[in-house]
Amino acid sequence: MGIDQDGRAALEAGMTLLSVRGVSKRFGGLTAVDNVSFDVTAGELVGLIGPNGSGKTTLLNILSGLAKPDSGEILLDGTPCHDLAPERLAQRGVMRMFQLTRVFRRMNVVDNLLVAGRALGLGADEALSRADALIAELRLDVVRHLDAGQLSGGQMKLLEFGVCFMVPPRIALLDEPFAAVHPTMKEIMGGFIRSRHGKGQTFILVSHDMPVVVELCPRAVCMNAGRVIIDASTREVLNDPRVIEAYLGGQAA
Amino acid sequence: MAPSSPTSPLAKTAGAQLAASKTTVEFRAALAAMAVVALIPLGVSNAYWLGVLIVSMYFAILAGGWNLLAGYTGQFSLAPATFAMIGAYTTGLLNHYYGVPPLLGIVAAVVVSGLIGLLLGRAVMRLVGPYLALTTLSFAEIMRLVASNSIDITRGDLGLGVAGLLNSRIGWYYLFLGALVVLLILFYLLLRSKAGLFLQAIRDDEVAARRAGVNVVFWKTAAFAMSAAASGFAGALYAHFAELVTPELGLIGQTGLIVSMTVIGGMGTLAGPLVAAFLVYVLSEWLRDVGGYQLVVFAALVIIFARFFREGLWGLTRTAVQRWRRA
Amino acid sequence: MSSVLTLDRVTAGYSVDIDVLRDLSLTVEAGRITGLIGLNGAGKSTVMKATCGFLKPKAGKVVYAGEDITGVEPHRLSARGIWYIPQESSLFPFMTVMENLRLPLENLSRSTGTPKRDEMERRFESMLEKFPALRAKLRAQAGDLSGGQQKMVEFAKAWLMRPRLCLIDEPSIGLAPKIVEEVFEWIRLFASEEMAILLVDHNVRRVIAMSHRIYVLSLGEITASGEPADFAGDLHEQVKQWLGINF
């Protein structure tokens with residue numbers, strides 16, 4: 001998965017990497033995701049914002065295979081993928097970071113990363129050297145031999161983040177990576193995202209931290225009550241009265 | 001990569017903390033225990049107690065196999081004894097009716113148990129917790145009753161006579177020990193391979209494992225098959241040791257012992273269940289002499305360990321060693 | 001007006017190195033509704049948890065009616081007059097509505113000696129007057145009720161307890177607009193009985209309209225506070241400030 005070459009080429013070609021078409025999901029009487037459609041071009045860093053209950057997490061669950069849409073489809077590189085199991089999507093390059101960290105608590109930091117590396121096709125040596133590089137970049141060197149369960153909350157978050165990048169994914173789905181995190185960690189993750197984005201890595205970033213969304217994402221999609229209410233440049237989105245209304249607690253227009 | 005270079009202070013701390021990985025430490029401890037077991041006949045020649053130790057080794061294999069399934073992939077099957085019984089009957093029936101030599105019979109037992117384990121594993125894939133336990137329990141009891149009632153074929157509770165393999169008890173002692181060590185080595189190699197990474201990941205968090213690309217369905221099924229094959233092997237070996245196969249091998253009480261050994265020893269650890277198998281079985285034999293309270297004692301121990309000492313005796317030992325090192 | 005609850009420079013978080021709340025101070029007065037608004041992830045629920053003892057603050061104090069209650073366990077606080085209405089249902093689904101209502105009051109009576117039996121009956125009647133729709137539902141299983149009806153039981157339960165301080169966490173989430181109106185009527189009722197109320201809700205306009213004092217929580221810190229009049233201007237501009245959006 002040579003993201004550098006492919007990524008840059010795709011960006012130049014304006015290739016659609018992910019296509020969400022008319023996706024809906026209901027839970028009993030509640031429509032969590034309502035006819036959502038948008039495309040993500042290869043190399044884009046898209047912000048996904050919206051108040052709680054707007055359907056962002058459900059959408060991310062659908063994109064990463066943990067939930068199946070009731071209607072609509074999702075195309076990855078032109079091929080339908082909405083009925084694939086999470087591990088198959090990971091193999092295809094869709095990596096999802098959870099909001100509440102899920103690490104392998106009784107395995108050490110290196111092994112946590114190796115699981116993803118080996119599962120996604122790397123050989124033992126290559127996986128180890130990639131893991132070492134990631135650990136250095138995320139400044140987790142000092143704790144590399146500790147079990148993940150012994151890490152502090154912030155370190156666990158960095159590890160959770162790192163797992164997604166053992167093998168450069170086609171698209172990285174980041175679910176509130178900056179929530180309640182130390183400024184130092186924000187910097188590490190932010191810098192990481194920026195540098196990878198510069199090399200053509202595609203992201204969807206869910207965040208409530210508006211300054212970070214402004215800083216990192218040229219484009220934003222805002223959801224409210226399950227629907228997309230606006231999909232435009234971040235500046236336009238954050239100036240749109242419907243978006244502010246959504247955060248004020250109003251329902252979708 | 002300065003922080004990891006051999007001379008940096010960080011490397012020294014990291015290196016000192018874990019000279020060998022956790023699994024290797026557990027493996028060495030298990031080998032040490034096996035070495036102790038190997039030396040016992042030098043001091044003990046009482047045939048009865050040697051027999052008790054042989055049966056302990058039989059249970060050690062079963063506990064190790066169940067540990068792979070429950071300790072590493074979180075599938076709490078209540079059928080480990082059943083697969084031992086299936087293995088025993090496979091070699092037993094082949095030997096009794098067709099004169100198949102024991103060694104071939106044992107191989108057949110491994111294959112048959114493994115296949116049935118694979119099928120059962122697929123069948124219960126989507127079940128969790130109590131539902132998985134109940135389904136495997138039903139399977140266990142059905143199999144035992146089938147064996148018990150098919151009197152024409154299996155001779156039911158009267159037992160099926162089969163050929164022996166060795167003549168001396170000491171021979172059997174070292175054969176079982178050899179088998180146990182071989183399985184231990186195989187298990188260790190498995191855990192050190194990428195399969196080991198995946199199994200531990202599934203143990204810790206199945207959803208996170210899937211997110212990381214692990215084919216959880218495949219590995220859970222594989223664990224089921226491997227566990228069943230190991231149990232079948234133990235059962236087949238035991239068949240030729242006892243020279244008799246009865247449905248008693250598949251009694252739920254036997255599974256109860258296996259579960260006790262694994263929980264008390266330490267689920268998800270390499271050495272725990274192995275060592276606990278000896279302790280529990282020897283203790284159970286001793287208690288049987290003393291007053292027959294073994295089931296009550298083990299039930300209480302399982303509850304205490306499951307509630308307070310999740311990592312079992314192995315975990316307690318490790319904590320004690322760490323404290324002793326720091327002091 | 002006396003201050004019933006004071007959070008004094010509280011810092012709290014769920015992990016050693018992650019602080020959800022930083023140096024946070026606020027006051028809730030008797031008979032007044034204090035509103036807490038902010039984005040999700042800002043820490044509103046954490047404020048509730050730190051106050052009630054579900055989360056022990058790392059720094060700072062929680063002072064209730066003059067006493068330091070920092071870190072005191074939740075079950076001890078109801079006897080002291082603090083009641084928490086959580087976002088999720090706190091009803092026992094397999095018990096009847098009647099049992100759900102009576103249980104905390106009888107517990108309180110047993111552990112503190114008051115209220116006595118006749119006072120309990122009096123409160124029960126008063127509750128049925130204020131929440132008449134519950135009369136017909138007393139024998140129903142709590143889990144069978146609709147979302148709005150369950151919320152009514154929650155508020156009726158709180159009403160029976162007559163707490164001095166009531167913490168209300170996102171009461172209108174998932175409810176139909178008509179029921180939401182009723183919910184806020186109940187909150188006004190509580191305030192009229194001299195209860196001090198700390199109200200968290202995502203409906204910013206509603207909270208501003210109802211509260212006597214409003215605090216804005218952004219990324220763990222109070223970034224603005226004032227009375228409804230202070231929020232009268234262009235709310236959109238203010239929200240953008242709270243969100244930290246400046247172009």
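This is a predicted model: local features need pLDDT of at least 70, side-chain atom pairs count only at pLDDT 80 or more; totals for chains, interfaces and linings use all residues.
Residues are numbered from 1 along each chain as its sequence is written, while chains are lettered from A and ligands numbered from 1 in the order in which they are written.

Start with the A–B contact, which takes 27 residues from chain A and 24 residues from chain B. On the chain A side, helix 3 (86-92), helix 4 (109-119) and helix 5 (124-137) each supply at least two residues; helices (H or I, at least four residues) and strands (E, at least two) are DSSP runs, numbered from the N terminus. Helix 4 of chain A gives the most, with six residues. By class, the side of chain A that touches chain B splits into 14 nonpolar, three polar and 10 charged residues. Here Ala, Val, Leu, Ile, Met, Phe, Trp, Tyr, Cys and Pro count as nonpolar, Asp, Glu, Lys and Arg as charged, and the others, Gly among them, as polar.

The contact between chains C and A takes 26 residues from chain C and 23 residues from chain A. On the chain C side, the elements giving two or more residues are helix 7 (204-210) and helix 8 (235-243), and helix 8 of chain C gives the most, with five. That side of chain C has 13 nonpolar, nine polar and four charged residues. As for chain B and chain C, they do not touch, and their nearest C-alpha atoms are 20 Å apart.

Now for the core. The largest nonpolar core holds 247 residues, and V115(A) and I197(C) touch the most other members. Such a core is a set of buried Ala, Val, Leu, Ile, Met, Phe, Trp, Tyr and Cys residues joined through C-beta atoms within 7 Å. Helix 11 (residues 216-242) of chain B provides the largest share of this core, 16 residues. Leaving out residues up to four places away in sequence, V115(A) touches F104(A) as well as several chain B residues, including L197(B), F198(B) and V214(B).

I197(C) lies on strand 8 (residues 196-200) of chain C, and both faces of that strand are covered: A196(C), L198(C) and V200(C) on one side and I197(C) and L199(C) on the other are all buried. With five of its five residues buried, strand 8 of chain C is therefore largely enclosed by the rest of the structure. Buried means that 20 or more other C-beta atoms, placed from the backbone, lie within 10 Å of the residue's own. Strand 8 of chain C pairs in the parallel sense with strand 3 (residues 33-38) of chain C over four bridges, and T34(C) stands opposite L198(C). Two strands pair if DSSP finds at least two bridges between them. Strand 7 (residues 165-169) of chain C also runs parallel to strand 8 of chain C, joined by five bridges, with I197(C) as the bridge partner of C166(C). From strand 7 the chain crosses through helix 6 (residues 177-192) to strand 8 of chain C in a right-handed β-α-β crossover, that is, with the strands pointing away from the viewer, the path from the first strand over the helix to the second runs clockwise.

Methods
Two residues are in contact if their C-beta atoms, placed from the backbone, lie within 7 Å. A residue is buried if 20 or more other C-beta atoms lie within 10 Å of its own, exposed if 12 or fewer, and partly exposed in between; C-beta atoms are placed from the backbone.
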